[in-house]
Amino acid sequence: MSDITQTQADAVLSAAREAADGAGTAMNIAVVDGGGNLKAFTRMDGAWLGSIDISIKKARTARFFDMATGSIGELSQPGGPLFNIEVSNGGLITFPGGLPLHSSDGDIIGAIGVSGSTVENDHAVASAGAAVGL
């Protein structure tokens, strides 16, 4: 299994933080490694305390299922094939803001989770972090 390096995790955090600054919002940004373990984290000044746990769970959810948390949310609606999945694995987050991170050869090496604003802003900031060339 490939794993994200500290240098790569720092680059993801930096890009996401820059996007959050550009959006004028304070975010909690978490990066997990290939095993879903916290690798890097930042809580921007003024970011909501309640969003710390959410950002970490978004990153873990994206890594555990290797897909965007928003996509999992679509599948976990009542009557959906993943209904109630959010209560598994010690609690998951199934709304936008979590994305897998891919290496330059396409392997998933970790994930990013962002929380602190609207789900649209969370997803945009996570996307900026995930867009970093790893």
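Here is a short report on the fold of this chain and on one residue, Thr-61.

The model is predicted, so local features need pLDDT of at least 70 and side-chain atom pairs pLDDT 80 or more, while totals for chains, interfaces and linings use all residues. Residues are numbered from 1 along each chain as its sequence is written, and side-chain values use heavy atoms, leaving out hydrogens and water.

**The chain overall**

You'll find four helices and four strands here, in the order α-β-β-α-α-β-β-α. Helices (H or I, at least four residues) and strands (E, at least two) are DSSP runs, numbered from the N terminus. The radius of gyration, close to the value from the globule rule, makes the chain as compact as a globular protein of 134 residues. That radius is taken over C-alpha atoms, and the rule is 2.2 Å times the number of residues to the power 0.38.

| Property of the chain | Value |
|---|---|
| Radius of gyration | 13 Å |

As for burial, 45% of the 134 residues count as buried (under 20% relative accessible area; exposed is over 50%, partly exposed in between; 1.4 Å probe, protein chains only).

**Thr-61**

Thr-61 sits in helix α2, residues 50-65. Thr-61 counts as buried because its relative accessibility is 0%. Leaving aside residues up to four places away in sequence, Thr-61 touches Thr-69, Ile-72, Leu-92 and Ile-93, where contact means heavy atoms within 4.5 Å. With Ile-93 there's a further detail: a polar atom of the Thr-61 side chain lies 3.1 Å from the backbone nitrogen of Ile-93.

Definitions and conventions
Polar contact = N/O pair within 3.5 Å; in protein donor to acceptor, adjacent residues only side chain to side chain.
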